Amino acid sequence: MKKQVYALPKKALIWAFLTLVSTSLSAESYVPSSKDTIVAKWTVVAKSETPKERVALLLNKANQPGLASRYYGQASALTNKLLQTSPNDPQLLFYQAKIAQHYHRFDEALSKLEGVPPSHENYASALLLKANILLVQGKLAAAKRSCLQLLGVSDLWISSACALEVNAQQGDSSHVVDSYAQLLSLVERSSLYQHTNEQQQRWVAQILAELAAKQGLYNQALSHLSAFELTDVPVSYLALWADVQLALDSPERVLNVLGPIVEQADSFDDALLLRLALSEHQTAEQTARWTPRLTQRINIRLQRKDTAHAADIARYFLDIKPDRKKALFWAKVNWQHAKLDGDQRLLERAMDVQYAAEETIKQPAGM
């Protein structure tokens, strides 16, 4: 049976490239001398010279494991405060769009991006973010137009990588094959790519890995992802790496490598908890460590009716705690917001489980 890779949707994929500001962060943890002392531990973002720089620092770090819930909230509060005195500031509007995208408020994000003019330094990143949002919404033609607008305001290979990623979503597997081959050739031939910064290279490596995985080229996908240390990559990167390992029947590798990364983070990310729980199920361990944590998180999401995590909830009810009705419900909720091929496969899986069960019920006795 052909393995499927259900990677984290691309709504998070371009994120790693969008923060192009060179920043430095310091993370210090207080360790008490007495075991009787009770303290809270969290990562602290270093103070910066201006409030705008602080927002940039927060957003730059927010996509790292365990930091999203705290840093996006802080960035949102600070951005909204600054917008009260500078409501039309393009840089603040760009930051606000990135925050809205994270919370899946896609139309709001697109509206904010309209306030970033071509003359602004964030214009290229704004176009990439716009393309990513339109891609998630299934508006492929509009997404590609946004990619092509990058011509003249960014390096040629960036516009090309953006457009090829959109092409791969056309629905035909041949588009994935062609996009992968063209992007791989582009990276190998482009002297500009060889001298670009790490964030841009990581962005392209993640696209290449996902396109390779879609073709079942899992070892090639791992080769692309191995270019960067897993202890210093975004959540989406780690989730894709884990999906590829699971497709290669290497759940122990996920538990041994991803487990410590998640354990050391300030908090748990749903996407990574899901991969760890799936790994436990594949190894059939008697003592589950991550599954109870995921179950607790899913229950919280259900109580809050958290549509931003609909895909994770659907997969939980498909693969961890089977419930065909809930799986289909949340897969449909996810499809309302995200229409990438991975979201379509998730919906199709949920529908297959639901309708197969219905057909079994309809079968007369003795059949």
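Student: What are the ground rules?
Tutor: Residues are numbered from 1 along each chain as its sequence is written, and side-chain values use heavy atoms, with hydrogens and water left out. The model is predicted: local features need pLDDT of at least 70, side-chain atom pairs count only at pLDDT 80 or more, and totals for chains, interfaces and linings use all residues.

Student: Why is Leu156 called exposed?
Tutor: Exposed means over 50% relative accessible area, buried under 20%, partly exposed in between (1.4 Å probe, protein chains only). Leu156 has 56% relative accessibility, so it counts as exposed. Leu156 is found in helix H8, residues 156-167. Helices here are DSSP runs (H or I, at least four residues), numbered from the N terminus.

Student: What makes Leu148, Leu151 and Leu156 a nonpolar patch?
Tutor: Patch residues have over 30% relative accessible area and no salt bridge; nonpolar side chains (Val, Leu, Ile, Met, Phe, Trp, Tyr) are joined within 5 Å, like charges within 9 Å. Leu148, Leu151 and Leu156 form such a patch on the surface, with about 290 Å² of accessible area together. Accessible areas come from the Shrake-Rupley method with a 1.4 Å probe; for residues, only the protein chains shown count as cover.

Student: Is His104 buried or exposed?
Tutor: His104 has a relative accessible area of 18%, so it is buried. His104 sits in the loop between helix H4 (90-102) and helix H5 (106-113). Its phi is positive, about 65°, although His104 is not a glycine.

Student: Why is Asp249 called partly exposed?
Tutor: Because its relative accessibility is 47%. Asp249 lies in the loop between helix H13 (235-247) and helix H14 (251-264). Asp249 also has a positive phi, near 60°, in a residue other than glycine.

Student: Why does Ala338 count as buried?
Tutor: Because its relative accessible area is 1%. Ala338 is in the loop between helix H18 (324-337) and helix H19 (341-362).

Student: What makes Asp341 and Lys214 a salt bridge?
Tutor: The term needs a side-chain nitrogen of Lys or Arg within 4 Å of a carboxyl oxygen of Asp or Glu. The closest N and O atoms of Asp341 and Lys214 are 2.7 Å apart, and the pair forms a salt bridge. Asp341 is in helix H19 and Lys214 in helix H11, 127 residues apart.

Student: How do you know that Arg301 and Asp270 form one?
Tutor: Their closest N and O atoms are 2.8 Å apart. Arg301 lies in helix H16 (residues 291-304) and Asp270 in helix H15 (residues 270-283), so the pair ties together parts 31 residues apart in sequence. Both Arg301 and Asp270 are buried.

Student: What about Asp319 and Arg349?
Tutor: Asp319 and Arg349 form a salt bridge, with the closest N and O atoms 2.6 Å apart. Asp319 lies in helix H17 (residues 310-320) and Arg349 in helix H19, so the pair ties together parts 30 residues apart in sequence. Asp319 is partly exposed because its relative accessibility is 24%. Arg349 is partly exposed because its relative accessible area is 23%.

Student: Which residues are linked in a network of salt bridges?
Tutor: Asp243, Arg275, Arg315, Asp319 and Arg349.

Student: How many salt bridges does the structure hold?
Tutor: The structure holds 14 salt bridges.

Notes. Helix = DSSP H or I, 4+ residues; strand = E, 2+ residues; numbered from the N terminus.
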